[in-house]
Amino acid sequence: MTQRIITGVALVGILVLALWGGGLWFSVPYMVTICMSMYEMIRATAQAGHRPVQWPCWLCVLLSIPLFHFVGSVSLLMPLIGGAFMLIAMVVIFREEPKLEDIEISALPLVSVLLPGLCMLGLQKAPGQYNQNLLMVLAFGVPLFGDTLAYFIGSRFGKRKLCPAVSPNKSVEGAIAGLVGSIVWAMLTAAAFSLYKPIPPFWHFPILGLLGGIAGQMGDLFASLIKRHCGVKDFSNIFPGHGGMMDRLDSVYWSTVIMYVYFNLCAGAFAI
């Protein structure tokens with residue numbers, strides 16, 4: 001437990017520094033985390049006996065960075081990801097023993113890591129540095145604070161299993177506590193940011209906390225399903241007590257999609 005707490009505090013400190021620096025100080029390290037997450041997922045599926053096609057994924061990463069920089073929209077990256085998927089399918093189809101699951105497994109990092117990960121960079125297109133920081137603090141804090149509260153409450157008071165076929169240790173009580181924590185984090189973030197500059201109407205933030213919290217928990221369960229399929233406990237062990245990069249960011253990736261979609265649907269509220 002002590003090791004887990006120390007590692008968690010260190011990671012939060014690094015995240016705060018990256019958010020504070022903004023711009024390339026955030027974007028470059030964040031792209032590194034996306035690449036690490038993709039590598040961990042590809043390695044786990046290979047260990048499970050699959051034959052993932054890797055090079056279209058890395059080519060997509062390489063091209064997405066300048067494309068996103070010049071175009072400035074995550075939605076326009078979809079054709080690039082679609083092209084990478086077709087390349088993957090072509091490679092597998094012409095193998096001596098083509099398997100449909102190898103196509104699906106190979107495309108998994110594209111849709112579950114790269115695209116959601118780039119949504120975080122899309123939040124940097126929000127008007128003004130203040131709004132950008134607000135949205136990114138929500139994207140990280142909502143799932144991570146919810147996950148922390150779910151862990152402590154669930155481990156102590158959890159009785160009813162939430163999804164035993166995927167993650168036997170998660171409980172309904174922990175999940176509820178996690179959603180409460182996500183909502184509280186969103187409202188506290190709004191209150192803190194409102195002390196210095198105007199922010200969108202307050203009612204947006206409980207909604208973002210709830211939706212982001214649900215998405216974060218689903219992202220965590222999705223990653224658990226992949227690990228169970230691959231027969232691994234963690235994607236790697238680079239963070240003592242926390243596993244790998246994918247283990248830390250699985251919930252953040254899903255929550256970020258919610259923040260990005262919500263921001264685009266309610267862009268007028270953030271034009272302050």
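Which residues in helix 6 meet which residues in helix 8? In this predicted model, local features need pLDDT of at least 70 and side-chain atom pairs count only at pLDDT 80 or more, whereas totals for chains, interfaces and linings use all residues. Residues are numbered from 1 along each chain as its sequence is written, and side-chain values use heavy atoms, with hydrogens and water left out.

On the helix 6 side, Leu134, Leu138, Val142, Pro143 and Asp147 meet Phe205, Leu208, Gly209, Gly212, Gly213, Gly216 and Asp220 of helix 8, contact being taken as heavy atoms within 4.5 Å and helices as DSSP runs (H or I, at least four residues) numbered from the N terminus. The residues of this contact comprise six nonpolar, four polar and two charged, where Ala, Val, Leu, Ile, Met, Phe, Trp, Tyr, Cys and Pro count as nonpolar, Asp, Glu, Lys and Arg as charged, and the others, Gly among them, as polar. The axes of helix 6 (residues 129–157) and helix 8 (residues 204–230) come within 9 Å and cross at roughly 55 degrees; these axes are lines fitted to C-alpha atoms over the stretch in contact, with angles running from 0 to 180 degrees between N-to-C directions.

Pro116 lies in helix 5 (residues 100–122) and is buried, at 6% relative accessibility, buried meaning under 20% relative accessible area, exposed over 50% and partly exposed in between (1.4 Å probe, protein chains only). Not counting residues up to four places away in sequence, Pro116 touches Leu110, Val111, Tyr253, Thr256 and Val257, and its C-alpha atom is separated by 9.4 Å from that of Ile258, 142 residues apart along the chain.

Technical notes
Helices (H or I, at least four residues) and strands (E, at least two) are DSSP runs, numbered from the N terminus.
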